[in-house]
Amino acid sequence: MKITVDTNSGFCWGVVRTVEIAEQELGDSGKLYSLGEIIHNPVEIERLEEKGLKTIRHEDLPNIKNAKVLIRAHGEPPETYRRARDLGIELIDATCPVVTKVQERIRKFSDKGYQVVIFGKKDHAEVIGLVGHTNNTAIVIKSVSEIDKIDFTKKTVLFSQTTMDKATFYAIRDEIQVKIKAEFEVGTFEEMAIDFHAKDTICGQVSGRDKKLREFAQNNDVIIFVAGRMSSNGKVLYEIAKSENSKTYFVENESELNPEWFEHAETVGISGATSTPQWLMERVKKTIVEKFEAVAK
Ligand code: SF4
């Protein structure tokens, strides 16, 4: 049985950067609070907890003393920074620079009076941060079926959560254009007076992976997809792999592997989300070699 770890998977540079920032502080002071899970991967969190990281919620902020608080890659709304300042808490801002840029762009459009629409999941931390940069006025939609929340008579800008899928983003854009056109009953979209912009802010670290993952899934008999169950990007990539190879299985770690998956398999591919550490995929590989190689024969 040939087992390959997907070289195009694992931590994106934004997550690598966040973990490095956290490890540096943990090395210096041995203590750091992360506001929300630093990444959506319980195994990596456990590793960092052993070094002194503690995960806290917003409601814990008033009780924080003698340690810094890390803002994770997803970013936070402006309110969080104000609150920390009022409470005298020192923040370490590890927001991914890609997310910071989206926050800035959204804020500019919001300040100019645009109706801001965000394609994303309303409870996702990144989206909560983005909405905060519009004074909580942005409309969040996660599919074409929700676009009737939008007022098509207003000047509008469409943005995306960085980990959503491109095909749906462009389907939403097209449908908004159709609705605006119907509203104004004019010929082509270009002729319309209405001001509508679609800003594709899906991160290249994520979108570039679809195509390579599809090939990887086709080229292996079995795919083991390793990610935390809370990872939004993990869910999207797993579905992509599954659509190409029905023998794709989701695990958080090596303890969830099932010997039946490897029966008659000649090739096994191990892939993961942008929040999946490389060392974890290697550990899954080692377990398959040690425990399940015999099953395949
Ligand atoms: S996926 Fe992109 S936006 Fe998200 S943390 Fe990684 S680099 Fe940053």
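What follows is a friendly conversation about a predicted model and the reasons behind the words used to describe it.

Biologist: Let's start with the whole chain. How many helices and strands are there?

Modeller: The chain has 9 helices and 12 strands. Its C-alpha atoms fill a box of roughly 65 × 55 × 25 Å along the principal axes. Of the 297 residues, 40% are buried.

Biologist: What makes Ala 73 buried?

Modeller: A residue is buried if 20 or more other C-beta atoms lie within 10 Å of its own. Ala 73 has 27 other C-beta atoms within 10 Å, so Ala 73 is buried. You will find Ala 73 in the loop between β4 (69-71) and α3. Leaving aside neighbours within four places in sequence, the contacts of Ala 73 include Gly 14, Thr 18, Cys 96 and Val 99. Pro 97 is 24 residues from Ala 73 in sequence, and their C-alpha atoms are 8.2 Å apart in space.

Biologist: What is the phi of Asn 135?

Modeller: Phi of Asn 135 is near 55°, a positive value in a residue other than glycine. Most residues other than glycine have a negative phi. His 264 also has a positive phi, near 65°. His 264 lies in the loop between β11 and β12, and counts as exposed because 10 C-beta neighbours lie inside 10 Å.

Biologist: Now to β6. Why is this strand described as largely enclosed?

Modeller: Because 5 of the 5 residues of β6 are buried, the strand is largely enclosed by the rest of the structure. Gln 115, Val 117 and Phe 119 point one way, Val 116 and Ile 118 point the other way, and all are buried.

Biologist: How do you know that β6 pairs with β8?

Modeller: Pairing needs at least two bridges. β6 and β8 (residues 156-160) are joined by 5 bridges and run parallel, so by that cut-off they pair. Phe 119 stands opposite Ser 160 in β8. β6 also pairs with β7 in the parallel sense, over 3 bridges, and Ile 118 has Val 140 as its bridge partner in β7. The chain passes from β6 through α5 to β7 in a right-handed β-α-β crossover.

Biologist: What makes α5 mostly covered?

Modeller: In α5, 8 of its 8 residues are buried. Among them are Glu 126, Ile 128 and Leu 130. The buried residues of α5 pack against α3, α4, β6 (115-119) and β7.

Biologist: Which strand pairs with β10, and over how many bridges?

Modeller: β10 (residues 222-226) pairs with β11 (residues 248-251) in the parallel sense over 4 bridges. The chain crosses from β10 through α8 (residues 232-244) to β11, again as a right-handed β-α-β crossover.

Biologist: How do you know that the span of α8 agrees with what a helix should give?

Modeller: At 1.5 Å a residue, the 13 residues of α8 should span 18 Å; the end C-alpha atoms are 19 Å apart, which agrees. The buried residues of α8 include Leu 237, Tyr 238 and Ile 240. Among the elements covering the buried residues of α8 are α7, β10 and β11.

Biologist: Finally, what surrounds the ligand?

Modeller: There are 14 residues around the ligand, and the closest are Cys 12, Gly 14, Cys 96, Val 98 and Cys 203. α1 (13-29), α4 (97-111) and α7 (204-218) each give two or more residues to this shell, and α1 gives the most, with 3. The shell divides into 9 nonpolar, 5 polar and no charged residues.

How values were computed: Residues numbered from 1 in each chain as written. Predicted model: local features only at pLDDT ≥ 70, side-chain atom pairs only at ≥ 80, totals over all residues. Right-handed = clockwise from strand over helix to strand, strands pointing away. Near = placed C-beta within 6 Å. Nonpolar A, V, L, I, M, F, W, Y, C, P; charged D, E, K, R; others polar. Buried ≥ 20, exposed ≤ 12 C-beta atoms within 10 Å, placed from the backbone. Expected span 1.5 Å × (residues − 1). Contact = placed C-beta atoms within 7 Å.
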